[in-house]
Amino acid sequence: MSDKTRRIDVNYLARVEGEGAFHLVLRGSEVVDAKLRIYEPPRFFEAFLRGRDFREAPDITARICGICPVAYQMSAVHAMEDAAGVKIGGPLRELRRLLYCGEWIESHTLHVAMLHAPDFLGYESAIHMAKDHPDVVSRALALKKVGNEIVALVGGREIHPINVKVGGFYRVPSRNELRALIPRLEKAFAEAITLGQWVSTFDFPDFSFDYEFVSLRHPTEYPFNEGRIVSNRGLDIAVADYEKHFQEQHVAHSNALHSVRVGAGPYHVGPLARFALNSDKLPTHLKDFAKNAGVWPVCTNPFKSIVVRAIEVIYACDEALRIVRSYEEPDGPAVSVDPVDAEGFACTEAPRGSLYHRYRLDKGGLITDARIVPPTSQNQKTIEDDLRRLVPTMPTDNDELLQWRCEQAVRNYDPCISCATHFLRMNVVRQ
Amino acid sequence: MAAAKPKLAVWKFASCDGCQLTLLDCEDELLSLTHHIHIANFLEASREVVPGPYDLSLVEGSITTNHDAERIQKIRQSSRFLVTIGACATSGGIQALKNYADTDEFIRYVYASPGYIKTLSTSTPISSHVTVDYELRGCPISKTQLLEVINAFLTKRRPAIPDQSVCMDCKAKGTVCVMVSKGTACLGPITHSGCGALCPSYDRGCFGCYGPQGSANTTGLSARLKSVGLTDDQLVRVFRTFNAAAPAFHDAGLAHERQNETN
């Protein structure tokens, strides 16, 4: 009977970072309830950051996420420098962009090839996929490795880099150390194009939505560490005004709190949003690539985020090459940043989207208040809404297919549940 | 007929995912590894879940909820060998900082609806709950050491991972001692090796992310750190990071906290 109520429960969401689940309650093709549930235990980072020295924040906040530690370190150091009124320019600024390029290459390639592509081709995992497509998987691993090599050289190691410091770095690479990356980066650039071409050929569900996209926008660059927070609905604010425009709200159907834009509702951060708001900043060859891949100038089909992620990998390889080729060693590895009684704000573009940090410091440089809003928590409401919109487009007689497609729809966002947990409210269903 | 490949499972508790990511970061080895071991349950990588029992379980993360305290018991029962990977699973991780604070206050500070949050007042290592066959250190673990542990399991031997301090690695690398030459505070003398003595080679003191080495003389090092200018207040924070609840660091942290209160 088509009006029978049925549930689809995916209790352990696979191929995402962290522990999440989703629950759908359906009547025919109507969605009665859709919940993305986070059961990863809370770790209380904002609480124990209080009383720590401002210089400790990059090392401590990196531990929120092993997949995108660079993003946490970048938001932390920029917020501290904002508090101190210090602006980092020249080669140190370039090295920070380079470090971020490495993380985008590593994290995006992991998601594109290892976590998301298997959905489009019907494999349980990339390891299963490697049996039929060994070349694709081994080349993607090699591409991912180059991203990790950049992070390891500039940051000291791939996971939880040790070289990021408020004011710059502990040690900066020599010109020759960076130039040694050029041959591998040139190869990575070519591999990224191949990967992008391959994912562009996938079959994509006919599904799109007019999202409010939110991302950083910088006057001259595709954004990593600096810019204003903008949206395709006219939002254009300084980072320090973030909390005036975005807040977490209770919604009636769920115990979970969701990040919404005040007066506007749910929004979308990440590659699709960055691309929609900054595609004019891409080099011409990537604009052409995006046109050929059918995502230019804006892509509103979340399943095609895999293509846009691949485009950002190509961009990150291109940008890394530019930085490495033009790098001149700075006068010193860091500028001095003194403790100051002030508040600092930063938003940087993690692979999964905007990552906001705010810290209040006392005159001795100890943190007295901290607020961290990771991208996955900002996307949570939009992910649930996508599930509600997706189900009615699917056949009602095949729950196995429906479940897989819904999992894929969650993975469109490359959700990082480890990141989101310390802030997301646990959505416990009590019946 | 070839013997069935041993079954590997990867489990997650309170953690950042970084240590299990290390397995996916074995870009050169991952595919050949799957020729020797069946990745039977690894949710971060695959939706396929092959039921247990498992020959080797890698456990990431610490125990912070009642539910997880029960879950680790079941995992132990279905695992022939159980290896903890990383500082969270081995010592309680950075989240063990709540062991030294008021958890209810922490919940109220971070969460708008504290009633929804079910958490224990402590973050504890896996070995506080079940028998652990081997503990791999680090925040994060080293890729080389992870592969060594898996290799050792496959060839039925103990992992060749020496319990020595970071200082040994600095000497082997030829890195000039940052504490002797520059007066930089460094936890190298008491910290377990495994990172390749990374921080001193980046002109920075070790901050202890591999946790205490077996015979760590924290009292001796604390005296030295005070001589380069650290106060008791700072030393509390020095010992309370990613391995705050590891016994040697825990004791040192408490000692400096008491000292700081009497100062």
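The following questions and answers set computed values for this predicted model against the definitions behind them.

Residues are numbered from 1 along each chain as its sequence is written, and chains are lettered from A in the order in which they are written. In this predicted model local features need pLDDT of at least 70, side-chain atom pairs count only at pLDDT 80 or more, and totals for chains, interfaces and linings use all residues, while side-chain values use heavy atoms, without hydrogens and water.

Q: Why is the contact between Lys144(A) and Glu27(B) called a salt bridge?
A: The rule asks for a side-chain nitrogen of Lys or Arg within 4 Å of a carboxyl oxygen of Asp or Glu. The closest N and O atoms of Lys144(A) and Glu27(B) are 2.9 Å apart, so the pair meets the rule. Across the interface of chain B and chain A, 9 salt bridges are found.

Q: Which elements give two or more residues to the side of chain B that touches chain A?
A: They are helices H1 (18-24), H2 (30-36), H3 (66-77), H5 (103-110) and H9 (198-201) of chain B; a helix here is a DSSP run of H or I with at least four residues, and a strand a run of E with at least two. H5(B) gives the most, with 5 residues.

Q: What makes up the interface of chain B and chain A in residues and in area?
A: With contact defined as heavy atoms within 4.5 Å, 61 residues of chain B touch 76 residues of chain A. The two chains bury about 5,800 Å² between them, 61% of it on carbon and sulfur atoms; this is the accessible area (1.4 Å probe) lost on being put together, summed over both parts.

Q: Why are S6 and S8 of chain A described as standing at the edges?
A: The open sheet has the order S6-S7-S8 in chain A. Strands S6 (214-217) and S8 (236-237) each have a single partner strand, so one side of each is left without a neighbour in the sheet.

Q: Where in the chain do the salt-bridge partners Glu221(A) and Arg93(A) lie?
A: Their side chains meet at 2.9 Å, N to O. Glu221(A) is in the loop between S6 and S7 of chain A and Arg93(A) in helix H4 (residues 90-121) of chain A, 128 residues apart.

Definitions and conventions. Two strands pair if DSSP finds at least two bridges between them.
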